[in-house]
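I opened the notebook to record what I looked up in this structure. The entries follow in the order I made them.

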Amino acid sequence: MKIRWFGHSAFEIDADAGTVLLDPWINNLSSSTKPEDIREASVIVVTHDHSDHVGETVPIAKRTGATVCAIPELAAIFRKEGLKVHAPNMGSLTEVQGIKLAFVPAFHTSGTGLPTGAIVKLDEAVIYHMETHQSSQTCLWFETCTNLGSRLCQSEASIPWGPLKPLGRFKL
Ligand SMILES: [Zn+2]
């Protein structure tokens with residue numbers, strides 16, 4: 001498994017199960033990668049509707065055919081753009097393209113539905129993606145994450161922690 005960080009909250013997880021993009025704002029100042037350089041994605045996870053998290057979701061999904069995952073209110077907007085969507089509500093354990101996914105609560109704001117964090121399980125890794133780039137704005141819902149992580153096959157989680165720093169890690 002390879003994980004690439006593009007700055008801010010944008011990640012790519014390349015695994016046997018598929019390639020997942022998280023909050024793909026690739027065209028940010030920290031990134032040397034251009035959105036058009038992203039050639040492959042099976043799933044794109046968007047935690048909330050702010051532009052620094054939606055990023056280039058629409059053009060990347062149109063180019064790659066990726067399924068866009070977001071809570072129902074936000075997914076409806078992507079559906080209107082003609083994208084394939086997967087729209088589980090908060091706390092539902094779901095599977096899309098062979099990748100297990102659950103959205104969890106987060107302290108933040110959003111104009112379209114609730115802001116979320118996401119727990120993604122692919123291959124043998126369970127990854128907790130916080131919804132925003134500053135830990136001070138984010139609530140780690142340890143109980144929720146622990147429960148969902150256990151049900152998804154308890155493992156280690158990685159979290160984006162700070163806009164210009166690498167992943168923080170902790171044990172669920
Ligand atoms: Zn935001």
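This is a predicted model: local features need pLDDT of at least 70, side-chain atom pairs count only at pLDDT 80 or more; totals for chains, interfaces and linings use all residues.

**Entry: helix α3.** I looked up which residues of α3 (residues 72-80) are buried, and found L74, A75 and F78. Seen down the axis of α3, these buried residues fall within an arc of 100°, so they line one face of the helix. I then checked what covers them; the list includes β5 and β6 (85-86). After α3 comes G82, and its phi is positive, near 90°.

**Entry: helix α2.** I asked which residues of α2 (residues 57-64) are buried. They are T57, I60 and A61. Around the axis they cover an arc of only 95°, which puts them on the same side of α2. Among the elements covering them I listed β3 (18-22), β4 (43-45), α1 (51-54) and β5 (67-69). Just after α2 I found G65 with a positive phi of about 80°.

**Entry: the sheet.** I traced an open sheet of 6 strands in the order β1-β2-β3-β4-β5-β6, and its pairing is mixed. Why does one side of β1 (2-5) and of β6 lack a neighbour in the sheet? Both strands stand at the edges and each has a single partner strand, so one side of each is left without a neighbour. As a reminder to myself, strands of a sheet pair through backbone hydrogen bonds, either parallel or antiparallel. I looked at one pair in detail: β2 (residues 11-15) and β3 run in the antiparallel sense, with 5 bridges. In this pair I found F11 opposite L22 of β3. Helix α2 packs on the sheet, where it touches β3, β4 and β5. The direction of α2 makes about 170° with that of β4.

**Entry: the core.** In soluble globular proteins, nonpolar side chains tend to be buried together. I looked for this here and noted that the largest nonpolar core has 44 residues. Which of its residues touch the most other members? They are V20, V43, I44, V45, V68, A70 and V120. Strand β8 (residues 99-105) gives the largest share of this core, 5 residues.

Definitions and conventions. Residues are numbered from 1 along each chain as its sequence is written. A residue is buried if 20 or more other C-beta atoms lie within 10 Å of its own, exposed if 12 or fewer, and partly exposed in between; C-beta atoms are placed from the backbone. Helices (H or I, at least four residues) and strands (E, at least two) are DSSP runs, numbered from the N terminus. The arc is that of the directions from the helix axis to the C-beta atoms. Two residues are in contact if their C-beta atoms, placed from the backbone, lie within 7 Å. A nonpolar core is a set of buried Ala, Val, Leu, Ile, Met, Phe, Trp, Tyr and Cys residues joined through C-beta atoms within 7 Å. Two strands pair if DSSP finds at least two bridges between them. Axes are lines fitted to C-alpha atoms, for helices over the stretch in contact, and angles run from 0 to 180 degrees between N-to-C directions.
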